[in-house]
Amino acid sequence: MLDADLKDFEWWKRVLELAGVGICKVDKNFNITYVNTRMAGMMGESLFSFVPEDLKNAMAELVKKKARGASEGYEFEFLRRDGSRISVLISSDCVFDADGKFEGGTFTVIEITKQKGTEELLRASRNTVETILDAISGSLRSVDGESRIAGLMNRIKELLESDAIICSVQEKQRIIDKLSLHTEHLKELVEERLQELLRAERLAAVGQAAAMIAHDLRNPLQNIRLAQHLLGKHCPHERKLLNQIDRNVAYADGVVNSLSIYSQERPLNRQETNINQLLRESLKESAPPEHIKVEEKLREAPSIYVDQNRMKRAFQNLILNAIQAMERGGTLTLETKLVENSVVVSVQDTGQGISEIKQDLIWKPFHTSNPKGMGLGLSIVKRIVELHGGTIDVKSKLGEGSTFTVYMPMHTPSATTFSSSERQKVISAR
Amino acid sequence: MNSLKAKNVILVVDDDFDFLDLVSTLLRDEGYKVDTAKSGQEALEKSRGKIYSLALIDIKLPDFEGIELLERMEETDPKMRKVIVTGYQTPENTMRALNLGADAYLVKPLKVEEILETVKRQLMERDKDFKERYILLQDSAE
């Protein structure tokens, strides 16, 4: 910049006209003596014309503040002649005489309408959210089902439609649309939880009934068994009939035990277990018939902590199911492997398979495709596996066979229910 | 064993008459002496007037719980072996029974061999206990 420029009035004038802020100069009576183009534009007036009265008042107010020593700018809103509102930030450079009387000054005016608008919007949004949250927290205290949720949503809609929430119509519609979406989701969630609860209740009721039946059948079964034994002494030649009684009592005893295990809620007695060994024992005790070929693909797996009696029961149920599914022969494959933090055990058969529709049903208690079965086998397996924190699934194709896969987490041991000496005292291990 | 059978009397406590009848027939056939009681009260009265080596007790009795009977019998005859034989099995019941002095907890329906085996073992244990105590008594007398 040249010194000559600083002394050039025209140059200064050009600078003032170029400035992005409004600049005006007033005399002691607040008559405008100069306004730049930006200022005139803000006013909505042509150059050097009328300045709104309230702007003059604002300037006077600022001068008073200045006189008191305040140096801050002053936020102010006024109406343009065309009726639109404008928010501005005014700063000033005032001249006072020896008595402190205003002699005139230069004012800079920055338009802040847009910032104001944003602030307003933010405040309104906050207000919207707060009002909605208030309504929700009030209603949530008494949410107990679908109707309450619907009521809650209606309340929010009412709020949105009322003046309690300041925002545009489009904004309100957007909120309502979103709410409807969430309402649907919430309704589905409530329905799902309700069904779960009902299922749990039904299972508990079934469990109680099962326990009662099991208890009540044990006494007569004992008596039949004793009577059969005594009868055998008197009529040893009736071997066939006696064996039939014996076999049927044993079968009924099995049913009673299934019911009893199903309804059992005692804690797990976890012990360090070699899963492959447990699987081999289960296989041996299930005694697969000759027409079934057994393949073992048991890979080394770390010990896991399980209730051995119950896990063995689960594996036996899976193996017996597989055997039953292959009446005309087939291959039973037992496999263990490690997948991430789980020991995975699968029991595969090449039997009749399970249709897709039935695959969900098989886990339900008292569902069975075996006319002689109780339909508790797989629900017991699922229950035992889940008690251990594991999961089970099935992959099956009609005519090709099924694979049941158990995923057991590698847990740390938890406290056992009985000490070993106490366990020895319980002679009956069932 | 035969001498063991002859000198020991077994008390069976159950409100199921058929069971009482059948199990006492079974045990008598095997050479044991057997008494029966249909209620807890009857069992207590009988055990006050006679020494039983072994009692087979049901958990559910008409007048009071078999577990309560265990406690009372422990007072009247601490040397009696006590075995719970029941159709009711819960872990709580089992633990309580064992803590209150039951020597075994059996769940019906038992195989005949299991019943006989348990009775035999319990009587032998009792006999062993007696012999050990007798030796101790003799030692302290000397």
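In this predicted model, the contact between chain A and chain B draws on 22 residues from chain A and 22 residues from chain B. By residue class, the side of chain A that touches chain B divides into eight charged, seven polar and seven nonpolar residues.

Chain A has 430 residues, and buried residues make up 23% of them. Its secondary structure comprises 13 helices and twelve strands. Among the contacts in chain A with a separation of 6 or more, 63% are between residues 24 or more positions apart.

Five strands of chain A form an open sheet. Their order is E2-E1-E5-E4-E3, and the pairing is antiparallel. Strand E2 (32-35) and strand E3 (74-79) of chain A stand at the edges. Each has a single partner strand, so one side of each is left without a neighbour in the sheet. From one strand to the next, the twist averages 30°. Within the sheet, strand E4 (residues 85-96) and strand E5 (residues 102-111) of chain A run antiparallel and are joined by nine bridges. Here A:Val88 of chain A stands opposite A:Glu111 in E5(A). Helix H4 (residues 53-67) of chain A packs on this sheet. H4 of chain A touches strand E1 (22-27), E3, E4 and E5 of chain A. The direction of H4 makes about 45° with that of E4(A).

A helix pair of chain A was also examined. Helix H10 (residues 308-325) and helix H12 (residues 377-387) of chain A pack at an angle of about 145°. Their axes are 9 Å apart. The crossing of H10(A) past H12(A) is left-handed. On the H10(A) side, the contact is made by A:Arg310, A:Met311, A:Arg313, A:Ala314, A:Asn317, A:Leu318 and A:Asn321. H12(A) contributes A:Gly377, A:Leu378, A:Ile380, A:Val381, A:Ile384 and A:Val385. The residues of this contact divide into eight nonpolar, three polar and two charged.

Chain B has 142 residues, of which buried residues make up 40%. Six helices and five strands are found in chain B. From the N terminus on, its elements run α-β-α-β-α-β-α-β-α-β-α. Residues 24 or more positions apart account for 62% of the chain B contacts with a separation of 6 or more.

The largest nonpolar core has 39 residues. Within it, B:Ile10, B:Val13 and B:Ala55 touch the most other members. Helix H2 (residues 17-29) of chain B gives the most to this core, with six residues. Leaving aside residues up to four places away in sequence, B:Ala55 touches B:Leu11, B:Val13, B:Met73, B:Met80 and B:Lys82.

Terms used: Residues numbered from 1 in each chain as written. Chains lettered and ligands numbered in written order. Predicted model: local features only at pLDDT ≥ 70, side-chain atom pairs only at ≥ 80, totals over all residues. Core = buried A, V, L, I, M, F, W, Y, C linked by C-beta atoms within 7 Å. Buried ≥ 20, exposed ≤ 12 C-beta atoms within 10 Å, placed from the backbone. Helix = DSSP H or I, 4+ residues; strand = E, 2+ residues; numbered from the N terminus. Contact = placed C-beta atoms within 7 Å. Pairing = 2+ DSSP bridges. Axes fitted to C-alpha atoms, helices over the stretch in contact; angles between N-to-C directions. Nonpolar A, V, L, I, M, F, W, Y, C, P; charged D, E, K, R; others polar. Left-handed = near helix turned anticlockwise from the far one by under 90°.
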